[in-house]
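Subject: Structure handover and notes

Dear colleague,

I am passing on the structure we discussed, and I would be grateful if you could look through it alongside the notes in this email. The sequence and the coordinates come before the notes.

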Amino acid sequence: REGRASEKAILTSRCIDRPIRPLFPKDLRNDCSVVATVMSVDPDCSPEIAAMIGVSTAIAISDIPWDGPISGVNVGLVDGEIVLNPTLEQRAKTDLNLTVVAMIEAGGNEISDDLMFDCIMAGHEENKKIVKFIQGIVDEIGKPKFAYESSDPDPDIMKEIEDFCIEDVKKALDTDDKL
């Protein structure tokens, strides 16, 4: 029986989930599970970033409706130089551990605002290259996205329901007794 996921596994899952989830159509109700399994690790390459790019590529080439791809990159600051996807040795002496995806996650020593901005922009420029690469794969082997019936309720019906009972619902919710 499996135990609880480690804190690192949970944070990695969130780092992948947060940028991909908003890109699915809001009215799509089909379940979509993403499983990234690390089979082997090169200590110089972050498995989290590799998994994120792999997930993005897999969903992008699939028939699942999705407004991707996404990319992620680690940015380090080693001896005052911006380093993209630093090696294990570089990560040990970096002044910054920055992950740039759709959001930014960072930790590190104190650096200037301008240098932080330069690091973020370097990560952003690299992400654009990776997204372009993934888009090339999609153009070559990607499947057409499947059509689905929207699960959004009919706005006219919702308006009728609201007009019929909104005041009763408000009154029922604004009570101090347990009736």
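This is a predicted model: local features need pLDDT of at least 70, side-chain atom pairs count only at pLDDT 80 or more; totals for chains, interfaces and linings use all residues.

Residues are numbered from 1 along each chain as its sequence is written, and side-chain values use heavy atoms, with hydrogens and water left out.

Helices (H or I, at least four residues) and strands (E, at least two) are DSSP runs numbered from the N terminus. A residue is called buried under 20% relative accessible area, exposed over 50%, and partly exposed in between, with a 1.4 Å probe and protein chains only.

Salt bridges

Taking a salt bridge to be a side-chain nitrogen of Lys or Arg within 4 Å of a carboxyl oxygen of Asp or Glu, the count comes to 5. One of them joins the side chains of Lys8 and Glu48, with an N to O distance of 2.3 Å, and this pair links distant parts of the chain, since Lys8 lies in helix 1 and Glu48 in helix 2, 40 residues apart.

Another salt bridge is formed by Arg21 and Asp17, whose closest N and O atoms are 3.0 Å apart. Here Arg21 is exposed at 55% relative accessibility, and Asp17 is partly exposed at 28%.

Lys159 and Asp163 also form a salt bridge, again with the closest N and O atoms 3.0 Å apart; because these residues are 4 residues apart in helix 5, they are separated by about one helical turn. Lys159 is partly exposed, at 47% relative accessibility, and Asp163 is exposed, with a relative accessible area of 52%.

Together with Ile157 and Met158, Ile161 makes a nonpolar surface patch of about 270 Å², and Ile161 itself is partly exposed at 43% relative accessibility. Patches are made of residues with over 30% relative accessible area and no salt bridge, like charges being joined within 9 Å and nonpolar side chains (Val, Leu, Ile, Met, Phe, Trp, Tyr) within 5 Å; the accessible areas come from the Shrake-Rupley method with a 1.4 Å probe, and for residues only the protein chains shown count as cover.

Aromatic pairs

Phe146 and Tyr148 form an edge-to-face pair, at 6.4 Å centre to centre and with 75° between the planes. Phe146 is partly exposed, with a relative accessible area of 27%, and Tyr148 is likewise partly exposed, at 28%.

A buried serine

Ser71 sits in the loop between helix 2 and strand 1 and is buried, at 4% relative accessibility. Its side chain makes a polar contact of 2.9 Å with the side chain of Asn127, a polar contact being a pair of N or O atoms within 3.5 Å, where within protein one must be able to donate a hydrogen and the other to accept it, and residues adjacent in sequence count only if both atoms are side-chain atoms.

Cysteines

With a disulfide defined as a pair of cysteine sulfur atoms within 2.5 Å, the count is 0. Cys15 is in no disulfide, and the nearest cysteine sulfur, that of Cys45, is 16 Å away. Cys15 is buried, at 11% relative accessibility, whereas Cys165 is partly exposed, at 22%. Cys119, in helix 4 (residues 113–141), is buried at 0% relative accessibility.

Definitions and conventions. Rings of Phe, Tyr and Trp (its six-membered ring) pair if their centres lie within 6.5 Å; planes under 30 degrees apart count as stacked, over 60 as edge-to-face and the rest as tilted.
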